[in-house]
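Biologist: Please show me the model, and then let me ask what the labels attached to it rest on.
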Amino acid sequence: MKQFLFSLRRVTLLPALSFIFAFFIGGIIIVISDPIIMAQLNSPGKFLTSAGARIGNSYLAIFQGSIYDVNLARESGVVRGFYPLSETIVTSIPLIFAGLAVALAFRAGLFNIGAQGQFIFGAIGASYVGFNFEMSPLIHVLLVLLAGIICGGIFGGIVGLLKAKTGAHEVIVTIMLNYVAALFILWLLKTSVFLRPERFDPIAPDVNLSARLPKLLGADLRLHLGIFIALVVTYFVWWLLNRSTLGFKFRAVGANASAAKTAGISVPLVTTISMFICGGLAGLGGAVHLIGTEYALTAGVAGSIGFDAITVALLGQATPIGTLFGAVLFGALQTGGRTLLSNTGTPSEIIQVIQALIVLFIAAPALLKMVFRLKKSVESKSMAAKGWNG
Amino acid sequence: MAQLNALQKRRQSGVVTMAILLVVFTFIFYVTSSRVEPVIYSFYLGDEWKLISEWKIGSKSGVMIFLIFALIGVTISFIQFKNNKKITLGSLIFGFGSIMAFLSWAAAGKFIPLTGLLQAAVLLAVPLIFGSMAGLLCEKSGVINIAIEGQLLFSAFVSAVVASLSQNLILGLISAPIAGALVSWILAYFSIRFQVNQVILGFVINVLVLGLTNFFYTVLLVPYESTWNAAGSFSAIPIPVLSKIPVIGPILFNQTIIVYLMYLIVTVIQIALFKSKWGLRTRAIGELPIAADSVGIDVNKLRFRNVLIAGAVAGVGGAVFTIGAVGVFSQSMTAGAGFIALACLIFGKWNPKGALIAALFFGFTNSLQSNLSIAGVPIPSEFMLMIPYIATIIAVSGLIGRVRAPAADGIPYLRGTK
């Protein structure tokens with residue numbers, strides 16, 4: 001546990017600098033897109049004041065929308081004031097699972113762009129088991145989660161198997177499989193098995209009550225038990241990577257596949273297993289998301305979670321604990337983005353820009369070092385550049 | 001029989017696969033088919049010389065005719081294989097026969113506007129072709145380009161905005177390659193200057209462009225639509241005489257200026273890459289940069305330049321979406337075309353000609369899909385749309401011949417390291 005917390009310190013400086021820099025550039029973009037402020041450019045004092053106010057208000061709105069809403073608290077009590085925080089955590093939960101699916105693959109030397117597809121398949125499996133059966137709650141929930149793990153795991157495992165058997169590059173295969181999954185769910189929701197009775201739009205029936213995750217803070221807040229599952233799974237992935245033989249093999253293959261091979265580790269086997277586990281993690285995320293918040297399977301069940309997961313994992317420097325915090329931060333940004341438009345008129349799309357900038361700077365530590373004139377103080381594990389053929 | 005080398009083995013398995021597929025198709029489309037209603041293929045669009053306007057044939061007879069085509073294709077490939085030649089010609093004939101047999105089976109009792117379908121296929125393929133050429137230029141010189149999607153999207157955005165503000169389509173078309181090169185510059189700068197993992201970088205660039213275009217779309221293009229997002233689009237320029245040729249004319253020679261530009265760019269790339277000094281150097285830095293360096297080629301400078309050129313090429317492709325078609329920009333309108341372009345590049349084995357054929361094929365499946373669903377053919381359109389993606393997975397898995405990327409693709413070059 002001490003080690004687990006220690007890894008936290010190691011991964012904070014670089015992301016923190018990236019955040020500051022990305023928010024700075026985000027602020028510039030907000031200002032130049034505002035014609036009223038730009039019109040004041042000829043009087044610098046006025047321009048700076050209104051630009052500063054504009055940026056300050058925007059970022060304050062993100063905070064209010066993601067952590068604690070003063071106005072809401074004044075109207076309906078302190079607990080209600082934390083509604084944004086509950087939303088932030090609810091948004092983070094699927095990101096944690098999918099982010100771990102990407103991070104774990106990174107450590108095994110694989111770039112899993114396919115979390116989106118694996119997430120979708122997990123949600124499909126969970127939905128089927130969730131609405132078709134009726135049983136005692138605990139068992140039902142466990143079965144649903146298992147279905148998610150298996151469906152996602154198989155969808156991810158295919159990638160590992162193809163890579164192990166034929167050398168097909170996982171990036172290409174997962175990009176393509178994401179599209180296959182997106183089209184597959186579109187088709188599936190139109191079939192009689194998944195189409196909700198008396199409905200013509202593609203939506204599956206709600207999962208039965210026995211398959212839903214209980215809400216933690218009453219019916220008003222959407223926060224559900226999934227956060228504990230996410231924490232347990234984060235710890236499990238940390239344990240797997242740092243304390244188990246299998247995890248050691250993952251890291252060995254990730255660090256240097258030919259050295260691992262020489263040491264007697266079966267690289268194809270490790271590749272297949274790691275992709276299966278990654279798929280399982282993303283699939284579990286799909287299942288938790290479905291029975292925690294969505295209940296009904298729709299074509300957009302995964303949103304852009306599987307893609308955001310990549311940015312989350314990069315933000316977390318591919319460590320489990322970093323990914324956890326990365327997911328919560330992104331959850332906060334996305335939740336805050338919703339109030340941004342209503343409070344300040346700044347479109348929430350700026351969040352996407354800031355997210356991308358953060359990751360761009362994290363991926364290029366050298367740039368940050370140059371900008372902030374740091375020497376060797378920034379510890380970074382830049383993802384090793386690898387070619388298509390190996 | 002003499003021992004076969006690896007290449008011959010692959011050709012052999014290609015011929016065997018085609019033969020097996022032919023048997024399967026015969027079984028599904030002919031033996032067990034109960035469809036007898038005729039298919040009507042229409043060829044005439046209106047402007048070209050009229051040779052034949054439509055062709056009506058019973059579903060089963062049509063299937064039989066085209067299966068015979070496919071059989072001829074298999075036979076030709078077998079003969080080519082025996083003579084130790086490439087089996088491309090035979091495979092193409094086989095592919096044509098199979099697709100037409102499928103169409104005759106699937107569209108029984110329906111009306112298929114074949115020329116219109118092919119014309120749409122070319123239009124759908126154009127951005128894919130530009131995109132895959134951009135990928136090709138990058139990857140041949142050793143830089144992985146996942147950011148094609150971002151290059152297309154950004155230049156679609158910029159060309160629409162520039163054309164709207166200036167009310168000049170030509171200016172829009174000129175701005176598109178600049179926008180594409182700008183996106184490419186990020187890729188080049190970070191991957192060459194900082195050795196950032198190019199796959200991650202490309203991915204992040206896509207997210208960045210998506211976010212930026214979405215943001216400015218909401219802030220500027222929606223509220224001030226009439227000044228910022230009213231570009232209009234190029235109209236088709238029929239080439240005299242050539243556009244009058246039945247079938248081929250409307251498909252190839254009655255298109256917009258961007259399509260003609262595409263013919264030019266593909267030809268130039270194909271020739272330059274394999275016949276010029278620049279092409280030889282480009283291929284060298286993509287395969288073995290250390291060797292190129294040892295004969296005095298500045299590897300990173302050439303890579304930088306090629307990545308920028310690639311962005312410019314993708315940029316012209318991006319313009320197809322806005323000023324080449326609908327005339328306005330809409331959010332994330334490229335919808336994954338950049339990734340299909342990447343698929344084309346891989347499917348075409350990192351070769352301009354191959355990528356061109358792959359893009360046309362993927363454009364064709366897309367156009368076929370929409371035509372079949374308009375005609376009411378009960379084949380889920382989702383599965384038709386999956387074809388490019390599954391075909392690519394099959395291609396990279398080596399089930400139909402091995403595809404191999406340039407050896408140094410994605411590996412940053414630093415002097416003094418290997």
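Biologist: Where does A:Ile154 lie, and why is A:Ile154 called partly exposed?

Modeller: This is a predicted model, and in it A:Ile154 lies in helix 9 of chain A. The relative accessibility of A:Ile154 is 48%. Buried means under 20% and exposed means over 50%, with partly exposed in between, so at 48% A:Ile154 counts as partly exposed.

Biologist: What makes the nonpolar surface patch, and which helix gives the most to the patch?

Modeller: The patch covers about 880 Å² and includes A:Leu138, A:Leu142, A:Ile150, A:Ile154 and A:Phe276. Helix 9 of chain A, residues 137–166, gives the most, with 9 residues. A patch residue needs over 30% relative accessible area, and A:Ile154 has 48%.

Biologist: Why is A:Asp308 called buried?

Modeller: The relative accessible area of A:Asp308 is 12%, and the cut-off for buried is under 20%, so A:Asp308 is buried. A:Asp308 lies in helix 15 of chain A, residues 305–315. Beyond its neighbours within four places in sequence, A:Asp308 is in contact with A:Leu95, A:Phe330, A:Gln334 and A:Gln355.

Biologist: How do you know that B:Ile346 is buried?

Modeller: B:Ile346 has a relative accessible area of 0%. Buried requires under 20%, so B:Ile346 is buried. B:Ile346 is found in helix 14 of chain B, residues 337–347.

Biologist: Which residues touch the most other members of the largest nonpolar core?

Modeller: That core has 213 residues, and those touching the most other members include A:Leu104, A:Leu297, B:Phe130 and B:Phe190. Its largest share, 16 residues, comes from helix 7 of chain B, residues 198–221. Apart from this core lies another, of 34 residues, B:Phe66 and B:Met100 among them.

Biologist: What does B:Phe190 touch?

Modeller: Not counting residues up to four places away in sequence, B:Phe190 touches A:Leu360, A:Ala364 and A:Leu367 in chain A, and B:Gln195, B:Val196 and B:Leu201 in chain B.

Biologist: How many residues of chain A and chain B are in contact, and what area is buried between them?

Modeller: In contact are 50 residues of chain A and 54 residues of chain B. About 4,400 Å² is buried between the two chains, with 80% given by carbon and sulfur atoms.

Biologist: What makes A:Lys190 and B:Glu382 a salt bridge?

Modeller: The N to O distance between their side chains is 2.6 Å. The limit is 4 Å between a Lys or Arg nitrogen and an Asp or Glu carboxyl oxygen, so the pair qualifies. The count between chain A and chain B is 1 salt bridge.

Key:
Residues numbered from 1 in each chain as written. Chains lettered and ligands numbered in written order. Predicted model: local features only at pLDDT ≥ 70, side-chain atom pairs only at ≥ 80, totals over all residues. Heavy atoms only, no water. Patch = residues over 30% accessible without salt bridge, like charges linked within 9 Å, V, L, I, M, F, W, Y side chains within 5 Å. Areas by Shrake-Rupley, 256 points an atom, 1.4 Å probe, with all protein chains shown as cover. Helix = DSSP H or I, 4+ residues; strand = E, 2+ residues; numbered from the N terminus. Buried < 20%, exposed > 50% of the residue type's maximum accessible area, 1.4 Å probe, protein only. Core = buried A, V, L, I, M, F, W, Y, C linked by side-chain atoms within 4.5 Å. Contact = heavy atoms within 4.5 Å. Buried area = accessible area lost by both parts, 1.4 Å probe.
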